[in-house]
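Good morning, colleagues. Please keep the sequence and the structure in view while I speak.

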Amino acid sequence: AAPCDIYASGGTPCVAAHALTRALYDNYDGALYQVTRNSDGSTMDIYPLEAGGVANAASQDDFCASTTCVISLLYDQSGNNNVLSRAPPGAFDGPYTNGYDDLASAIGAPVTLNGQKAYGIFSSPGTGYRNDQTTNIPTGGDPQGIYAIMDANHFNDNCCFDYGNAETSNTNTGNGHMEAVYLGNCSIWGTGTGEGPWFMGDLENGLFSEQYLAENTDNPTQTEPFVTGMVKGMTDQWAIRGGNAQSGGLTTYWNGAFDPNGYNPMSKEGAIVLGIGGDNSNGAQGTFYEGVMTSGYPSDDTENQVQANIVAAGYASVDLNTAPLTVGSTITIRATTPGYDTRYFSHNGTKIVTEVTTTANSTAEQQTAEWVVRDGLGFSGCYSFESVDQPGNFIRHYGFELYLESGNEKQFFEDATFCSLTGLQGQNTNSIRSWSYPTRFFRHYADVGYIATEGGVQFFDATGNYNYDTSFVVSDGFLS
Ligand code: AHR
Ligand code: AHR
């Protein structure tokens with residue numbers, strides 16, 4: 001049986017069931033999610049390959065070929081139509097038009113399930129999904145369960161990479177107005193042990209690891225690329241459980257009372273958030289593959305069966321590079337836009353620019369356009385580009401503009417990590433995307449280097465020439 005069949009047998013049915021990767025009921029054959037093409041705004045629904053099956057990733061790949069796509073809707077498999085869409089502004093504005101949040105790239109989190117390709121949501125800071133008008137989601141102190149599959153290698157310490165129950169007003173309405181599962185290493189409130197990330201309960205005005213806002217030494221740092229996190233609550237009792245989504249069972253990290261200061265009974269409002277806090281705090285990052293909310297407090301036994309089903313689904317990582325580069329090689333990165341195709345990615349001081357460069361230039365000038373491919377500083381499955389003439393300095397983005405800098409912080413490492421894809425202009429080119437912002441690709445715009453989202457809100461996100469401006473000829477050595 002699939003997760004929601006298991007919850008139903010346990011008397012705690014799914015009232016929201018969101019998955020990019022697969023059907024969460026044995027007999028579900030409806031749409032899983034919707035993608036939107038940035039180039040023309042057209043949309044397509046992605047279905048499972050068969051009832052109860054894995055998503056049809058090939059249909060997305062066909063639809064999004066030679067362009068960029070975002071995930072615009074997560075459908076609800078539970079029959080309650082609790083669809084998640086682009087989150088609106090709340091106490092905090094998102095980065096998109098009118099304060100809305102960004103949508104996730106459709107290709108940021110490729111995986112396989114028992115060998116079949118699928119995609120998750122790789123949520124960058126500023127990205128968020130929400131539904132404020134739900135059906136049958138628990139409210140007040142009504143019992144609720146949640147599970148979500150996330151990636152413990154993609155997180156940060158900002159508020160709040162959440163999935164679960166939140167305010168219908170997009171604002172903080174007080175203690176106990178949320179009950180969501182959180183993954184990250186935010187240490188403003190409670191923590192687990194070690195450096196994090198930890199699964200915690202976002203119960204509003206606090207990420208709780210146990211009864212009070214304190215360190216819970218029974219709540220471990222999560223380390224695996226696929227992790228199952230569970231939060232459940234009812235009057236007088238709540239729990240956090242978690243485990244490796246690829247093997248083994250669940251461990252209970254917390255099982256006990258709520259903080260009595262406004263959290264018992266809960267005052268849940270029944271909105272659903274993904275990737276953000278209840279007040280639309282949107283600085284967090286994380287990955288989501290599938291998750292559900294139940295009506296009723298699931299038993300540990302029911303949850304253990306769900307975990308066994310998750311393990312049997314066979315989640316596995318895949319190479320994020322569709323056009324891999326050779327680590328240790330020295331490359332040049334040449335623009336392909338007509339009229340600009342003698343320009344190479346280069347640096348002028350700390351700014352990344354494109355410069356017309358030929359073998360007639362001095363060695364020093366040529367070396368400003370040469371890069372050594374390194375293992376990605378922030379994620380070793382992608383790459384970082386080290387300057388040949390300024391060793392120890394790497395291409396990184398900041399404010400979505402590219403710079404040549406050095407650094408030793410997690411933020412720098414992630415800003416300096418890029419994945420290499422088959423170019424949007426075709427086989428002989430590469431498009432190089434930001435690891436941390438998968439909608440954003442290396443782009444030259446007015447001869448300056450950026451990471452740009454096709455049709456985004458910045459001037460360098462302009463749709464005109466997007467494919468050309470983001471497709472480069474990557475060659476070993478200079479001018480080869
Ligand atoms: O509880 C942690 C966060 O605090 C909530 O997600 C948000 O609404 C508030 O800022
Ligand atoms: O480039 C986007 C973001 O801008 C970077 O991730 C961060 O370092 C800066 O705030």
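Let me begin with a convention: strands are DSSP runs of E with at least two residues, numbered from the N terminus, and two strands pair if DSSP finds at least two bridges between them. The model is predicted, so to speak of local features requires pLDDT of at least 70, side-chain atom pairs count only at pLDDT 80 or more, and totals for chains, interfaces and linings use all residues. Residues are numbered from 1 along each chain as its sequence is written, chains are lettered from A and ligands numbered from 1 in written order, and side-chain values use heavy atoms, without hydrogens and water.

I turn to strand 21, residues 330–335. Five bridges pair strand 21 with strand 32, residues 472–476, in the antiparallel sense; there, Ala335 stands opposite Phe472. Strand 21 is also joined to strand 24, residues 371–375, by two bridges, again antiparallel, and Ile331 has Trp371 as its bridge partner in strand 24.

Now the ligand. Which residues are closest to ligand 1? They are Asp202, Glu204, Asn205, Gly206 and Asp279, among 13 residues that surround ligand 1 (a heavy atom within 4 Å).

Polar side-chain atoms lie 2.6 Å from a ligand 1 oxygen in the case of Asp202 and 2.8 Å in the case of Glu204. For Asp279, a side-chain N or O atom is 2.5 Å from an oxygen of ligand 1. The protein covers 93% of the 290 Å² of accessible area (Shrake-Rupley, 1.4 Å probe) that ligand 1 has on its own.

Technical notes. A polar contact is a pair of N or O atoms within 3.5 Å; within protein, one must be able to donate a hydrogen and the other to accept it, and residues adjacent in sequence count only if both atoms are side-chain atoms. Helices (H or I, at least four residues) and strands (E, at least two) are DSSP runs, numbered from the N terminus.
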